[in-house]
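Please have the sequence and the 3D view open as you read.

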Amino acid sequence: MSVLIRGGRVITAADDVVADVYVEGETVSLIGRSLDVSADRVIDATGKYLLPGCIDPHTHLDMPFFGTVTIDDFESGQRSAAFGGTTCHIDFAIQSRGHSFTEAIEEWHAKANGKALIDYGFHIIVSDLEEGGTLEELGTLPDQGITSYKLLMAYKGVFQVSDETMFKVMQLASRTGALVMVHGENGDAIDILIKEAVAAGHTEPKWHARVHPPELEGEATNRAIQLAHVAGSPLYVVHVTCKEAVGPIQRAREAGWPVWGETCTQYFFIDETFLERPDFEGAKYVYSPPVRHASNHDVLWNAVRTDVLSAISTDHCSFLFDGQKTLGRDDFTKIPNGAPGLGDRLKMIHHFGVGGGRITLNRMVDLLATTPAKLFGLYPRKGTIAVGSDADIVVFDPMRRETISAATSQLKCDYNLYEGTEVTGVPEIVLVRGHVVVENGDLVASPGSGRFVHRARFGQELAPAREPVTS
Ligand code: URP
Ligand code: ZN
């Protein structure tokens, strides 16, 4: 099967040119002006952008958490991703305490098998090195294409690891070629603040932000950076929300340390006042780290513009408002932490980031596709439009308007963080490895067509799937 996409504005992290893109099989085989080739299908992209399929490096699908399971699985989550222009994501396989890493990876493969519509990989969340997994076993995961280890410094008693475990994993990563990811919040101090708030009788959602102050994000972020520096490992700080955490990342990067930071769509748009919405609606905005004071929105836009922060993910972790978030109606500590967003990232960042003059189109592509691909061992197979790369392409109509809503999100989740927001610029056709998955509002691929991607080690390139066919 061949596809010729004619006359679109091809936008990568570096280039912006009007060209034809010729796809043979699953890869891009030619890019040029007025290509003289015949194709099984021709798509007229005049007036449209051709963007590399976006990569979401931070999602939680079908994840057990807070005594329940996220409502969106690999089928509904990936459907929403595809409609929103995301063609590859990396989900977190969780090592439960007392269980091996292999069990976690097998479990997550089973969750995705037969359901996937887009391509995907896994990070491993390390919960314990004493009763279940061993460092030796963790060291074998890069051979299976799992080339990133995530450590949570918060969620005491659930995922939180000690500094000792964190440091050992960082040392291991420096030897195995894995990228260490951290959730930077001081879980011990948060635990004390939670107990004090509960003892004082505080129950409402707004207390979630009060017991997760920004200083505790800054402290943990800085601690992780210093430990990674001593251990000699590269570090990626997930979901950065505030100036207290941006500062240490900026200093490390200015010093030339291998440190990167990510923020998420929601942290540009939602602020702490949302937690006070009546009728328990504030629970929709309970996630960790929490929503912050609105003054951080500009801090984050400046950080992504200047490459202090290098990627924007969604941290998609969706729970129904009705029946799941409401588990915490009488106790904010029981509100499942997380929110939906897999399908909204490109539209929101394009409209408010590019449309608002905060970042360029090239920078948007870099933040949503190219840098995630480079950091997580997917580049240049994914994350760009180039000869030999997977034909993961979004035909994006920059003029079409849409109103964001849970009703049209393709998710099972019953609310949307950006409900009612009007955006200009919408994916029109989405191709994954040369196959059209979404076209003009219809899903045209079948579950099971998405593939697990065996990622390269940190700093290494993922070779094209095969040599491009040239005619
Ligand atoms: O509240 C959140 N973010 N839930 C997902 C787990 C995590 O902390 O990333
Ligand atoms: Zn997360």
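How far is an oxygen atom of ligand 1 from a polar backbone atom of Gly338? The distance is 3.3 Å. The protein covers 99% of the 270 Å² of accessible area that ligand 1 has on its own, where accessible areas come from the Shrake-Rupley method with a 1.4 Å probe and, for residues, only the protein chains shown count as cover.

Before going further, a word on the ground rules: this is a predicted model, in which local features need pLDDT of at least 70, side-chain atom pairs count only at pLDDT 80 or more, and totals for chains, interfaces and linings use all residues. Residues are numbered from 1 along each chain as its sequence is written, chains are lettered from A and ligands numbered from 1 in the order in which they are written, and side-chain values use heavy atoms, with hydrogens and water left out.

Back to ligand 1. The residues around it (those with a heavy atom within 4 Å) include His58, His60, His183, Asp315 and Gly338. An N or O atom in the side chain of His60 lies 3.3 Å from an oxygen atom of the ligand, and for the side chain of His183 the distance to a ligand oxygen is 3.3 Å too.

Now look at the zinc ion, ligand 2. Its protein donors are His58 (NE2), His60 (NE2) and Asp315 (OD), at 2.0 to 2.2 Å. Donors here are N, O and S atoms within 2.8 Å of the metal (3.2 Å for Na, K and Ca); water is not among the atoms, so sites may look incomplete. The four donor atoms around the zinc ion subtend angles of 84 to 134 degrees, and the arrangement is therefore irregular. Why? Four donors count as tetrahedral if all angles lie between 85 and 135 degrees; four count as square planar and six as octahedral if opposite donors are over 155 degrees apart and all others between 65 and 115; anything else is irregular.

Along the sequence, the zinc donors follow the spacing H-x1-H-x254-D. Because His58 lies in strand E6 (residues 54-59) and Asp315 in the loop between strand E15 (311-313) and helix H11 (345-354), the pair ties together parts that are 257 residues apart in sequence. Helices (H or I, at least four residues) and strands (E, at least two) are DSSP runs, numbered from the N terminus. Both His58 and Asp315 are buried, meaning under 20% relative accessible area, with exposed being over 50% and partly exposed in between (1.4 Å probe, protein chains only). Helix H11 is mostly covered, with eight of its ten residues buried.

Next come the aromatic rings, which form 20 pairs in the structure. Rings of Phe, Tyr and Trp (its six-membered ring) pair if their centres lie within 6.5 Å; planes under 30 degrees apart count as stacked, over 60 as edge-to-face and the rest as tilted. Phe74 and Phe122 have ring centres 6.4 Å apart and planes at 90 degrees, so they are edge-to-face. Phe74 belongs to helix H1 (residues 74-83) and Phe122 to strand E10 (residues 119-125), so this pair ties together parts 48 residues apart in sequence. Both Phe74 and Phe122 are buried.

Phe269 and Trp301 are also edge-to-face, at 6.1 Å centre to centre and 75 degrees between the planes. Trp301 is buried at 4% relative accessibility, and ring pairs link Phe268, Phe269, Trp301, Phe352 and Tyr418 into a cluster.

Methods: Polar contact = N/O pair within 3.5 Å; in protein donor to acceptor, adjacent residues only side chain to side chain.
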